[in-house]
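Okay, thanks everyone, let's get going.

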Amino acid sequence: MAEKALVVIDGFALAVDRRYQAETHMWVLELGAGRVRIGMDVLGIETSGTLAQLSFEPAGTELIADRPFGQLEAAKFVGPLLSPVTGTVVTLNHAVIKNAGLIERDPYGEGWLIEAALAEGSAGLEALIFDPAELRAWFAAKIAGYRLRGVIAE
Amino acid sequence: MADSLRVIDFGVSSPLRSQTLWHAVAYGVSAGAPVTLSFVRPATPYVCLGYHRDIDEVDTEYCRASEFPVFRRMVGGGPVYLDSNQLFFQICVRVESLPAGRQRAMRTLLEPAVAAFRALGVPAELDASGEICVEGKKICGHGAGQIEDAVIVCGNLIERFDHEQATRVLAVAEATQAVETLALMRRFVGSTPVDPDAFRATMTASYKDALSLDGHHEESALSGLERDALAELDERFTSIAWLEGPRPTSAGKAAFRVRQVKVRAGIWTFAAECDGALVTAGVVDGVLEGVHLSDRGLNGSREKAEHALAGLPLSAAARVLSGFGDPGRRLAALFADLELARL
């Protein structure tokens, strides 16, 4: 895979070679032939607390944008992982199922969550943030907002 | 006008219903029911497993022999023993009413419980790891989850805690681990024999105040939607597929075997075994206690190695053991894969 294009904004790394769902902090990396890899950015991780365990719907499950494709547990709180795209689950990352800490160690690389095939004619990717300038502005605004509300440390 | 608080006291319920009733409430709140505070006391003992946890963490044979049912809940945390000396509460709100960030949301929903304990004369604190404690002892177990568009946080008033049963229902790997687990349970889990009627009344007042709900509260029962959900949940929670859980089982893992037991945040016991090397120990805020080692080649240096590890940070154990030759290196390898803080 191509080297991740990482920038650091106010102390938090952001890979600028992929798309992001603005509210859920899920990223989508296009792999070609209608296939995508899905993961969670560092702000999603930071606001969750120490990731303990996670589970995914099995390969072959239909994905609907903004609906759960799995569950994430952090600090004894189990909450849904919401899909940023519509399509079908193709592959699960069994390494992160076994060790959720991998997501924290390498969120834009080995810590990916699932791979999916996009639904035919899916326009879902257009709703995600991709333009580098827009990405940087969105990420910086999120950091500032979380700091203001005490969700992440100064 | 501010929203009202719905209060439901389910009284004494069967073990199954002491779980499914409040899960049904979450579906109701997700569908538009008011913020709900509920209470329930299980009629008889049982064991309950967090959503992601491995059923192998529970001694199911012992539970079967003791007639303790085992259920899997939809919120987080580990396997726990519940009985009629624990009064459980659940606060359920819609997800959009909570601040961003799970830890912050959790604190928002636990702080009123802490305030209620304090109003009742219990000097409780919500510590940095999110545990409700008195002088370092956990006095209220909790877990949380999002169910559809509702977030529910559960906790308990522990009137009396049966440390022996709470330890015995867990599937520890070695007798030494069971001993260490019981010792740490006694040291770090405590009870608060508060009057339960006063607890319910004070909790209600505290949540109304903290969540800015209006001055009256509804004493209520389940809605039709919630009763329908309850019937489905009763069926789901008693199915084998649900009990097995959403994650692949640990069966088939190589020769390496680890059994971890969490007593409270930051307090653990573990047993790790591979190729005839075995270590059991307690971990208190990152420091090793009660270390027992076993390896065929250790011979006379076992006690010396155990002594060298006692009081050491967990992170230093592998380095120290590496100084005990091949057996030490085998034991050191057991520490390498431990990630105790995650469960």
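I'll go through how chain A meets chain B.

Housekeeping: it's a predicted model, where local features need pLDDT of at least 70, side-chain atom pairs count only at pLDDT 80 or more, and totals for chains, interfaces and linings use all residues. Residues are numbered from 1 along each chain as written, chains are lettered from A and ligands numbered from 1 in the order written, and side-chain values use heavy atoms, leaving out hydrogens and water.

So, the contact (heavy atoms within 4.5 Å) involves 28 residues from chain A and 28 residues from chain B. The buried area is about 2,500 Å², with carbon and sulfur atoms giving 50%; that's accessible area, 1.4 Å probe, lost on putting the two together, summed over both. Q53(A), K76(A) and F77(A) supply 32% of what chain A buries here, more than any other three residues.

Now, K76(A). Its side chain meets that of E131(B) in a salt bridge, 3.7 Å from N to O. The cut-off is a Lys or Arg side-chain nitrogen within 4 Å of an Asp or Glu carboxyl oxygen, and the rule finds 1 across this interface.

Which elements of chain A give two or more residues to this side? They're β6 (51–56), β8 (68–74), β9 (77–82) and α3 (101–105), taken as DSSP runs numbered from the N terminus: helices H or I, at least four residues, strands E, at least two. β6(A) has the largest share, 5 residues.

Finally, β9(A) pairs with β10(B), residues 142–147, in the parallel sense over 2 bridges; pairing takes at least two DSSP bridges. There, F77(A) stands opposite A144(B).
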